[in-house]
Amino acid sequence: MKQIIIVMSYTFRDGCRKKAFKVSTVIMLILMLVLCALPRIISFFDGADSTSENASDVSPDTSDTSDTEKTDRFYYVDEGRLIPGGAEALAEAFPEADVITGGTADISGYEAEIKSDGSVSAVIISEDESTLPHIEFVTKSFMSGIDTDTAAKVLTDTYMSGILQSAGVDSSVIEIAKAELEYTSRFAGDMNVSGYIMGILMTVLTFFAVYYYGYGVAMSVATEKTSRVMETLVVSAKPSNILIGKCLGMGLLGLAQFAGILVSGVVFYNLLVPEGFTLMGMSLSFDAFTPVSALLLCLYFLLGYALYSVMNAVCGASVSKIEDLNSAMMPVMMIALLSFYVGYFAAISGAASSAFMKAATLIPFCSPFVLPFRLLNETVPAHEIIISLVLLAGTIAAVTAVSIRIYSASVLRYGKRLRLRDSLRNKTGRS
Amino acid sequence: MKLEVKELTKTFGSKLAVDRISFSMNEPGVFGLIGTNGAGKTTTIRMILGIMSSDSGSAEWDGVRIQRGTLSFGYMPEERGLYMKNKVIDQLVYFGMLRGMTNVKAMLSAVELMERLGISEYANMNAEKLSKGNQQKVQLAATLIHDPKLIFLDEPFSGLDPVNAEVLRDLINSLVEDGKYIVLSSHQMSTVEEYCRDILILHNGSTVLKGSLDEIKRGFGATNLVIRTRREDTDRFASVIDGGEDRPELIEKRAYEYEYRIKGEEDAFRVLRKMTENGIYPVKFEIKEPSLREIFVKSVEDHGAGAERA
């Protein structure tokens with residue numbers, strides 16, 4: 001045990017000193033800062049826009065559309081006068097456009113012009129089978145010409161205003177009827193936008209830890225082997241102690257980095273995110289982070305990392321040259337990637353309580369990527385968590401036992417890479 | 001105390017790497033494990049240390065089977081390995097602590113060893129900034145940091161310049177004076193000859209020769225004759241000696257010195273008589289035992305021939 005702690009402590013201190021660790025920590029802190037500052041940045045630009053809009057409201061003289069430089073040209077064809085005032089409404093909504101009224105006979109000419117000039121568009125109004133007006137937009141491509149959403153809304157409003165006016169409805173009532181209503185969403189179930197985002201974030205973070213720190217473990221072991229430090233190390237400590245100590249050291253390093261980032265995230269959130277901030281009409285809430293769920297999240301994070309890090313350590317021990325490390329890690333990374341996608345797709349499909357996700361909860365390689373999302377988005381039955389944890393812990397124990405055997409056989413073998421079967425069969429020193 | 005190695009055997013697949021090796025050390029001193037590259041020296045050491053299990057046989061210290069945790073031993077591997085990006089003092093303390101020392105004790109021991117090896121000034125430098133010779137001294141310090149009773153040095157002199165080799169010689173001498181048991185693996189015969197009382201010669205995993213170096217040499221007899229002449233007599237000496245039918249076999253010709261293989265003292269006196277009859281008087285005339293290098297080469301050749309016959 002003492003040796004494990006010594007190896008762990010040395011690995012941790014060594015990792016802290018590395019430039020890659022310092023750089024990655026600073027980058028992640030900056031990302032966290034930018035993420036938390038994003039609402040303020042967005043609202044700053046929104047504020048600037050609304051300020052200019054307001055300015056135009058209070059001083060109509062300065063917003064004379066005739067003074068605006070005309071960069072676009074819209075041909076408006078409505079021979080049946082199905083939307084009275086449509087051309088004028090478009091001209092008002094798009095002050096940068098020159099709206100020209102035309103006839104059906106000219107459409108082919110318009111199309112020829114549109115083909116060669118992306119700033120030209122045509123708006124053709126015809127009557128559909130239900131006798132309602134049908135709006136057809138002709139643009140050079142889907143990315144050029146008139147903003148069809150805005151134009152469709154302007155013409156629809158104009159059409160409705162005309163109908164209501166002809167029915168004798170007061171113009172103030174028409175204005176109220178045209179107004180867009182603001183909305184917020186509230187969910188009676190467990191799943192909310194915060195839990196959804198945090199769940200996906202935790203899945204991604206776990207994969208990041210498995211990949212980044214797992215790679216760190218493999219690289220550290222491979223470096224020790226290729227630099228022949230291993231020769232000195234294995235006479236000083238048991239291979240099992242080295243393996244476990246190294247994985248724990250890197251795990252501690254990852255945990256310390258994440259803890260630092262999370263703490264700074266909380267600080268940045270409180271300092272920078274405006275009060276009452278909403279996302280897609282929903283306010284952010286961290287209610288899903290109860291002490292129990294936080295503890296389970298940490299546990300799955302650590303166990304997930306542990307499972308993959310011992311396998312990565314074996315990959316590091318199996319190579320004689322650092323250049324071979326990536327190919328040696330390929331099988332482990334494939335398992336990690338597949339398991340991550342199971343968790344990720346189950347999450348983005350919104351199927352938090354689906355049978356697929358429940359099954360993935362019980363697969364030890366997948367559960368560290370699946371459970372964080374479920375824990376933050378639904379009430380996971382206790383028996384599922386217990387079975388999942390037992391299976392995961394059992395798999396870690398089995399994988400560690402096999403890994404120690406392979407690791408012990410591999411660390412002093414140079415030259416041709418040892419085959420798995422030979423590693424398991426090979427008798428080495430007391431591990 | 002006593003180191004006893006009994007019938008250690010190891011095979012890798014179909015290759016017999018070490019074949020029933022046995023030897024013992026009954027008192028402090030240096031034991032020489034000699035062999036060509038791939039003879040099985042490192043595998044033997046690894047089996048003794050318990051970092052590689054043997055197919056059969058055992059290694060015991062004072063009658064107790066050697067295990068990593070139960071015996072304080074030091075091992076300097078042939079391939080030097082240090083954490084290149086880490087400070088020298090940090091890694092020495094780390095290795096000391098892995099061997100059961102406290103942080104303070106490991107630090108004190110590291111400082112003392114670095115002083116003894118003349119590398120104190122590099123304590124806070126990364127290992128990569130040190131010369132190869134100094135890296136080797138750091139490696140040696142890592143081997144000795146926990147004051148082991150039994151020390152294995154695998155090719156300790158390779159890559160050392162004469163000055164650093166002298167420092168290492170002094171250290172090995174002082175370790176022997178302190179009562180340490182040292183197993184020295186090398187293919188540098190002069191080094192082994194200088195230190196070892198007992199040797200074991202390995203070839204292709206098999207024991208070719210073993211025992212007390214003095215006895216082995218005595219067993220080979222006084223077979224070498226070294227003659228140095230005056231500078232002006234050098235050419236004439238060669239023609240006189242080479243002239244007769246009973247000329248001795250020349251082993252090596254140095255600047256003013258010749259070394260011959262002789263069958264016995266009679267051969268030597270016949271050469272001397274021939275020289276004096278021709279008015280050539282030697283500056284040096286020495287009948288001596290064969291060097292370890294010759295014994296080694298001859299033993300390996302004989303063993304190879306024996307194996308081929310078998």
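Two strands pair if DSSP finds at least two bridges between them. Strands (E, at least two residues) and helices (H or I, at least four) are DSSP runs, numbered from the N terminus. In E9(B), B:Ile201 is the bridge partner of B:Ile34.

This is a predicted model: local features need pLDDT of at least 70, side-chain atom pairs count only at pLDDT 80 or more, and totals for chains, interfaces and linings use all residues. Residues are numbered from 1 along each chain as its sequence is written, and chains are lettered from A in the order in which they are written.

**Sheet of chain B**

Strands E3 (residues 29–35) and E9 (residues 198–203) of chain B run parallel, joined by 5 bridges. They belong to an open, mixed sheet of 6 strands, ordered E6-E7-E8-E3-E9-E10. E6 (73–76) and E10 (206–212) of chain B each have a single partner strand, so one side of each lacks a neighbour in the sheet.

**Contact between the chains**

Residues are in contact if their C-beta atoms, placed from the backbone, lie within 7 Å. Chain A gives 20 residues to the contact and chain B gives 22 residues. On chain A, H8(A) supplies the largest share, 7 residues.

**Nonpolar cores**

A nonpolar core joins buried Ala, Val, Leu, Ile, Met, Phe, Trp, Tyr and Cys residues through C-beta atoms within 7 Å. Buried means 20 or more other C-beta atoms within 10 Å of the residue's own, with C-beta atoms placed from the backbone.

| Core | Size | Residues, among them |
|---|---|---|
| Largest core | 140 residues | A:Ala313, B:Ala141 |
| Another core | 21 residues | A:Leu90, A:Phe94 |

Definitions and conventions: Two residues are in contact if their C-beta atoms, placed from the backbone, lie within 7 Å. A residue is buried if 20 or more other C-beta atoms lie within 10 Å of its own, exposed if 12 or fewer, and partly exposed in between; C-beta atoms are placed from the backbone.
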